[in-house]
Amino acid sequence: MSLITPLTGKLKLTFVKANDLPRKQLLGKQDPYVRVHFGDKKVKSKVHENGDKNPEWGDQVSINCNDYGERMIKFMVKNDNLGRDDDIALIRIPIFALLSHQGEEREYPLFKSEKNKKRCGRITLKAELEGKGGLPSNDTQSVWGIQEATFGNDDVQINVKGYLDVRATVSNGTIHFKSDQPLSEFFGFDPLNGHDKALKIKYSKGGVVNQLEVRENHSNTTLEFERAKAEGVTAKMGNLSMETKQQPVVAPIAPVVQNPYGGQPVHVQPVQTYGQAPVQTYGQQPVYAGQNPGFVAPPVRTRVQLVVPQGMVPGQQFAFLHNGKQYTATVPQGMYSGQRFEVQV
């Protein structure tokens, strides 16, 4: 089961600048630009005439994605010529490296070839995705006390906190890193081919903050997490916009919150509130709350209809709001994203 979903929406790439590029042109200053290969999609930046070894572009392009599963993106810095353009330098990294720092300018190393051996300067990029997909969200509080988790090295770092949080939920709080499975295979992508890399994770358990590093090639390693208290967890709150009815009061609409898996808002259909029916005592007439001074009305229980949020699997828990209070629901066995089920609150 893959926890990485295809991209859907508009991917915006900003080419900021490059520094310390090698000289490929013998006479005069070179005119660098950037060409991007993202699967079968190709775009390029404007040319900085006479930009030479330190060009500045400040240019943005967009790539439309529709259920697009490509994971690796390549940036090639080239020199614009009248004839064949010169290859100056390149880097090929997972798109998640850029999307882990959406809206931030990040500097990455450039290399002579995809073997990533000889360094050839640096490039500064920025990326934003107006849409959904990719790794599970890192923007919410962890269900399992994971505070930080990055996979990569000093040059390329990918935030995998949300990925590990979901992985832990699927496996009931335990993650196994097998010695015969490199981390790149475990995650399904390689931050920087040919370079050392590691998972660095910081998590709390039993009131103690733990830090652990797992290398690309490692011995058998097991991480056992502790579920955070429900009242302090909002990490798995889906896009829930609910409206429940009870007679004679209509409950207010709960606020819509952000789905960490990129799904669309999930609208819950009105459900009849139970607990208002007359209470029958055997051998007597029906008695209503308020008519008998000694009568204590049972608590009002409301059945709320929910929809399994995008990316969730059976047994996984998520939080939802009802009448301003937070509750936790568990995805029933045999149910997946988009299917409806009811809970009682």
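# Briefing: a histidine, a pocket and aromatic pairs

The backbone oxygen of Arg-215 sits 3.0 Å from a polar atom of the His-218 side chain. This is a predicted model, in which local features need pLDDT of at least 70, side-chain atom pairs count only at pLDDT 80 or more, and totals for chains, interfaces and linings use all residues. Residues are numbered from 1 along each chain as its sequence is written, and side-chain values use heavy atoms, with hydrogens and water left out.

**His-218**

- His-218 is in the loop between strand 13 (208-215) and strand 14 (221-224). Strands (E, at least two residues) and helices (H or I, at least four) are DSSP runs, numbered from the N terminus.
- His-218 counts as buried because its relative accessibility is 12%. Buried means under 20% relative accessible area, with a 1.4 Å probe and protein chains only.
- The backbone oxygen of Lys-178 also lies 3.0 Å from a polar atom of the His-218 side chain.
- Leaving aside neighbours within four places in sequence, His-218 is in contact (heavy atoms within 4.5 Å) with Phe-177, Lys-178, Ser-179, Gln-181, Pro-182 and Leu-183.

**The second largest pocket**

- The second largest pocket holds about 240 Å³ of space.
- Of its 17 lining residues, Thr-150, Gly-152, Gln-157, Ala-198 and Lys-200 are the closest to the centre.
- A pocket is an open set of points on a 1 Å grid over the protein atoms alone, where a 1.4 Å probe fits, with protein on both sides within 12 Å along at least five of seven lines; lining residues have an atom within 4 Å of a point.
- Strand 9 (146-152), strand 12 (198-205) and strand 13 each supply at least two residues of this lining. Strand 9 gives the most, with five.

**Aromatic pairs**

- The whole structure has eleven aromatic pairs. Rings of Phe, Tyr and Trp (its six-membered ring) pair if their centres lie within 6.5 Å; planes under 30 degrees apart are stacked, over 60 edge-to-face, and the rest tilted.
- Phe-15 and Phe-75 pair edge-to-face, at 6.5 Å centre to centre and 75° between the planes. Phe-15 lies in strand 1 (residues 5-19) and Phe-75 in strand 5 (residues 72-79), so this pair ties together parts 60 residues apart in sequence. Both Phe-15 and Phe-75 are buried.
- Phe-151 and Phe-187 are stacked, at 4.8 Å centre to centre and 25° between the planes. Phe-151 lies in strand 9 and Phe-187 in helix 3 (residues 183-187), so the pair ties together parts 36 residues apart in sequence.
- Phe-151 is buried, with a relative accessible area of 0%. Phe-187 counts as buried at 1%.

Methods:
Buried means under 20% relative accessible area, exposed over 50%, partly exposed in between (1.4 Å probe, protein chains only). A polar contact is a pair of N or O atoms within 3.5 Å; within protein, one must be able to donate a hydrogen and the other to accept it, and residues adjacent in sequence count only if both atoms are side-chain atoms. Grid points are joined across faces, edges and corners, and a volume is the space filled by probe spheres set on the points.
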